Amino acid sequence: MANQYLDLDTLKFLLYEVHDLQSILNQSRFDDYDEESIDLFLDSIKEFSDRELFPFFQEMDEQAAHFKNGEIIVHPQVKKYVKLGGELGLISGLFDYEIGGLQLPGIVVTAAAYIQETANNHLPGYLGLTLGALELIVHFGNEELKDYFVPKMLTGEWGGTMCLTEPQAGSSLSDIVTSAEPVEGGYKISGQKIFISGGDYEGVENVVHLVLARIKGAPAGTKGISLFVVPKNRVSSDGTLISNDVTTFADFQKMGQKGYCTTHLFFGHKEDCRGWLVGEPNKGLKYMFMMMNGARIAVGRGAAAITMAAYQASLAYARERPQGRSLTNTGKKDVAQEQTLIINHPDVKRMLLLQKVIAEGSLSLILLSSKYHDLSQTHSDPGEREKYSLLLELLTPIAKTYPSEMGLLSVSNGVQVLGGYGFCSDYILQQYYRDIRIFSIYEGTTGIQSLDLLGRKISMDNGKALKLLSEEIMKSIHEAIEYNALAPYGSKLGEALKLTQEVLQFLMDFAKKGDYERFLSDATVFMEFFGNIIIGWLWLDMATKAHKKLNSGNAQNSQEFLNSKIHAMKFYFKYEIPKTKALAEVLTDKEVLTMADENELFN
Ligand SMILES: Cc1cc2nc3c(=O)[nH]c(=O)nc-3n(C[C@H](O)[C@H](O)[C@H](O)COP(=O)(O)OP(=O)(O)OC[C@H]3O[C@@H](n4cnc5c(N)ncnc54)[C@H](O)[C@@H]3O)c2cc1C
């Protein structure tokens with residue numbers, strides 16, 4: 001397999017030039033870092049990924065994690081990765097120095113995780129979940145929980161999971177029934193959780209589950225859900241680790257991400273499972289959702305990474321595969337000529353450019369979301385912190401959904417670039433295609449993200465977040481139209497933004513009349529529409545930065561690199577932005593076809 005899975009120059013261009021890492025490093029929390037030290041850190045992650053992740057990628061698909069004799073068997077590299085990753089600071093990056101963290105900006109941690117996920121999307125989740133579980137304990141746990149769990153989890157000696165889903169409670173977490181009964185020193189936990197990623201594996205001494213459960217007598221619905229730490233093993237009275245009655249009942253065999261285990265867990269099969277409350281009772285879902293922005297951006301990041309890796313693999317193939325001949329001026333093939341490489345066919349170039357705009361546009365969106373997250377936490381001005389927090393809230397469902405949905409289309413085009421070989425196991429494209437499919441389901445499906453975007457985020461705070469985002473987009477448009485070469489694209493984006501207002505006006509009327517079902521019936525179409533515009537904005541911004549660099553004459557990147565960004569932006573505006581008009585037409589069409597009784601529709 002060619003060792004080509006990432007365009008590090010583009011990642012760095014986006015990080016330093018487009019999203020201005022320096023503006024984050026200027027916050028006092030990051031005084032110990034500068035661009036040079038971040039550059040060295042990212043290079044070391046790339047080198048680590050070349051050595052410890054990429055070589056095992058295909059093998060992990062072939063040797064799927066599986067359940068045998070009551071245990072989950074994973075690829076041996078999981079154990080090595082978790083140990084080395086812990087030592088390298090891949091879990092501790094975000095946390096404060098005081099508790100043993102590295103206090104790195106989130107955008108840098110995101111970039112580091114992205115590099116690893118382009119190399120092998122089956123491995124980083126093991127550490128990513130430990131990080132997620134740890135964040136909940138650090139933010140909401142009491143001192144006792146922190147003292148006990150944080151040190152071992154920070155180093156990766158103990159793993160972590162997020163246990164939300166139950167057989168009857170997937171999208172609808174209000175239906176959770178796992179129970180918690182107060183007993184001396186904690187709670188007795190009882191119930192089952194399904195689809196738990198990284199739920200059990202060799203290589204860690206303990207797995208610490210963050211479990212949503214209902215304290216006996218708690219109110220029904222989301223208001224009665226609490227959060228518990230439930231380790232696989234607990235400490236006995238003599239200080240040794242004993243089983244905490246968390247049983248791995250089975251695993252799920254999947255179409256992709258086969259090296260990343262997915263488990264079915266039972267808590268309290270022998271009525272001897274202990275859990276410890278995190279924060280206050282009945283606030284579990286609220287805590288989970290407070291951490292959800294990070295988790296959702298992480299899902300979008302994983303999809304963006306696979307999209308990039310698939311683009312790199314198909315680009316490498318297209319540069320080597322001879323097939324057919326270029327059309328001559330007469331439109332006839334000259335068989336006396338040698339075959340040309342497929343990259344010379346305009347239709348193959350079109351597919352590769354589509355892959356490129358989705359891959360790099362998704363990456364830009366993920367980095368921007370992480371930047372907003374950083375500034376919402378660390379900016380010295382409280383007003384600015386609030387602004388970035390609102391922008392982050394609004395962008396999060398899009399950052400989760402665009403890379404997942406459009407990434408699948410992008411990878412599908414990658415399979416197509418390889419022709420028949422794209423479908424065959426000898427080549428890696430088919431694995432990327434299977435691996436990326438889960439991302440629009442993880443952490444809330446596309447349907448649920450779309451309800452969140454249109455039903456909550458757009459109108460949040462009387463539309464303040466949308467107003468702020470529109471201002472940011474207008475800033476980019478004004479910057480672009482200063483240059484003759486970019487002005488037409490700035491105008492097109494302005495038109496698309498205007499269209500958004502018209503669409504929202506039409507839809508909001510239903511909400512005002514209390515017809516919420518009609519208001520939200522095409523929320524996923526709205527997500528596609530708005531996501532398209534957001535990526536158009538990010539491409540315009542990228543092209544403007546490239547244009548400025550070209551004009552300045554002192555760019556670090558080559559002229560070819562910078563020109564290719566401007567070219568890709570033009571491609572996006574020719575092939576993708578016009579789709580917003582058709583989507584707007586669908587959204588404002590008065591005919592309703594998805595709300596009739598199912599018996600009328602499916603006969
Ligand atoms: C490989 C894998 C790993 C996972 N890892 C974890 C994990 O680590 N921890 C964890 O807790 N969970 C995990 N999950 C669970 C995942 O989050 C859920 O699968 C997901 O939230 C969807 O729930 P569901 O499967 O029950 O689908 P359902 O909720 O049954 O949804 C089915 C369909 O109905 C739609 N739908 C449902 N409700 C609505 C509505 N109100 N309006 C419109 N449409 C709706 C959905 O969009 C979807 O298309 C994992 C799942 C998988 C497959």
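Student: Where does N69 lie in this predicted model?

Tutor: In this predicted model, N69 sits in the loop that links strand 1 (66–68) to strand 2 (71–73), and its phi is positive, about 50°, although N69 is not a glycine.

Student: Why does N69 count as exposed?

Tutor: A residue is called exposed if 12 or fewer other C-beta atoms lie within 10 Å of its own; N69 has 5 C-beta neighbours inside 10 Å, and therefore counts as exposed.

Student: What makes D461 partly exposed?

Tutor: The range for that label lies between the exposed limit of 12 or fewer and the buried limit of 20 or more, and D461, with 14 other C-beta atoms within 10 Å, is therefore partly exposed. D461 belongs to helix 15 (residues 460–480), and its phi, near 55°, is positive in a residue other than glycine.

Student: How do you know that the ligand lies between domain 1 and domain 2?

Tutor: Both domain 1 (32–289) and domain 2 (291–323 + 339–587) contribute residues to the shell around the ligand, so the ligand lies between them. Strand 3 (158–163), strand 5 (186–197) and helix 14 (446–457) each provide at least two residues of that shell, and of the 21 residues around the ligand, L164, G170, S171, F195 and G447 come nearest.

Student: Why does the radius of gyration of the protein agree with that of a compact globule?

Tutor: For 603 residues, a compact globule would have a radius of gyration near 25 Å, and the protein has 25 Å, so the two agree. Along its principal axes, the C-alpha trace spans about 85 × 60 × 60 Å.

Definitions and conventions:
Residues are numbered from 1 along each chain as its sequence is written. This is a predicted model: local features need pLDDT of at least 70, side-chain atom pairs count only at pLDDT 80 or more; totals for chains, interfaces and linings use all residues. A residue is near a molecule or strand if its C-beta atom, placed from the backbone, lies within 6 Å of it. Helices (H or I, at least four residues) and strands (E, at least two) are DSSP runs, numbered from the N terminus. Domain bounds come from an automatic or database domain assignment. The radius of gyration is taken over C-alpha atoms; the globule rule is 2.2 Å times the number of residues to the power 0.38.
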